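This report describes a protein chain, going from its strands to its core. Please keep the structure in view while reading.

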Amino acid sequence: MKKAIALMALGFAASLSATAYAAGDMSNMNMASGTQQNADAKNSMSHGEVKKVDNAAGKLTIKHGPLENLGMEGMTMAFKVKDPAMLSQVKVGDKIDFVAEEVNGTLTVTKLQKQ
């Protein structure tokens, strides 16, 4: 019985030691919260070129590079705009920086600026 208790204590000590070792020195790790990282990705601007301005539908067709915050590859596609005034800020051929987000299930340009 004493041997069993001693073995259990030894096993417990070994598992604590392994846990402490696994935690290791984390001083060089980025410990920013997931919320902060999501906010950074959400606010990072993507680059594109306006291919079409559709005032009637409230949409911009943009040839864009990767949209990291949405996990999308570069392509050409139409986006709804959050504010219809954005449509008057650009014309076909303009190079833009923009943020696109999924708003109520629709890909929407929420920020826009000409380069």
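In this predicted model, phenylalanine 98 has leucine 112 of S5 as its bridge partner. The two residues belong to a pair of antiparallel strands, S4 (residues 95-103) and S5 (residues 106-114), which are joined by eight bridges.

**The chain as a whole**

The protein chain contains two helices and five strands. Along the sequence they follow the pattern α-α-β-β-β-β-β. The five strands close into a barrel, in the order S1-S2-S3-S5-S4, with mixed pairing. On average, neighbouring strands of this sheet are turned by 55 degrees against each other, direction ignored.

**Strand pairs**

Strands of a sheet pair through backbone hydrogen bonds, and the pairing is either parallel or antiparallel.

| Strand pair | Sense | Bridges |
|---|---|---|
| S1 (residues 46-54) and S2 (residues 59-64) | antiparallel | six bridges |
| S2 and S3 (residues 75-81) | antiparallel | six bridges |
| S4 (residues 95-103) and S5 (residues 106-114) | antiparallel | eight bridges |

Valine 53 stands opposite leucine 60 in S2, and lysine 63 stands opposite threonine 76 in S3. S1 and S2 form a hairpin with four residues between them. In its turn, glycine 58 has a positive phi of about 70 degrees.

**The core**

In soluble globular proteins, nonpolar side chains tend to be buried together. Which residues have the most contacts inside the largest nonpolar core of this chain? They are Leu60, Ile62, Phe79, Ile96, Phe98, Val109 and Leu112, in a core of 16 residues. S2, S3, S4 and S5 are the elements that give two or more residues to this core.

Leucine 112 links several parts of this description. Leucine 112 is the bridge partner of phenylalanine 98, and both residues are among those with the most contacts inside the core. Leaving out residues up to four places away in sequence, leucine 112 touches Leu60, Met86, Gln89, Val90, Ile96, Asp97 and Phe98.

**Burial, contacts and surface**

Of the 115 residues of the protein chain, 24% count as buried. Among contacts between residues at least 6 apart in sequence, 48% join residues at least 24 apart. The chain exposes about 8100 Å², and carbon and sulfur atoms supply 57% of this area.

Terms used:
Residues are numbered from 1 along each chain as its sequence is written. This is a predicted model: local features need pLDDT of at least 70, side-chain atom pairs count only at pLDDT 80 or more; totals for chains, interfaces and linings use all residues. Side-chain values use heavy atoms; hydrogens and water are left out. Two strands pair if DSSP finds at least two bridges between them. Axes are lines fitted to C-alpha atoms, for helices over the stretch in contact, and angles run from 0 to 180 degrees between N-to-C directions. Buried means under 20% relative accessible area, exposed over 50%, partly exposed in between (1.4 Å probe, protein chains only). Contact means heavy atoms within 4.5 Å. Accessible areas come from the Shrake-Rupley method with a 1.4 Å probe; for residues, only the protein chains shown count as cover. A nonpolar core is a set of buried Ala, Val, Leu, Ile, Met, Phe, Trp, Tyr and Cys residues joined through side-chain atoms within 4.5 Å.
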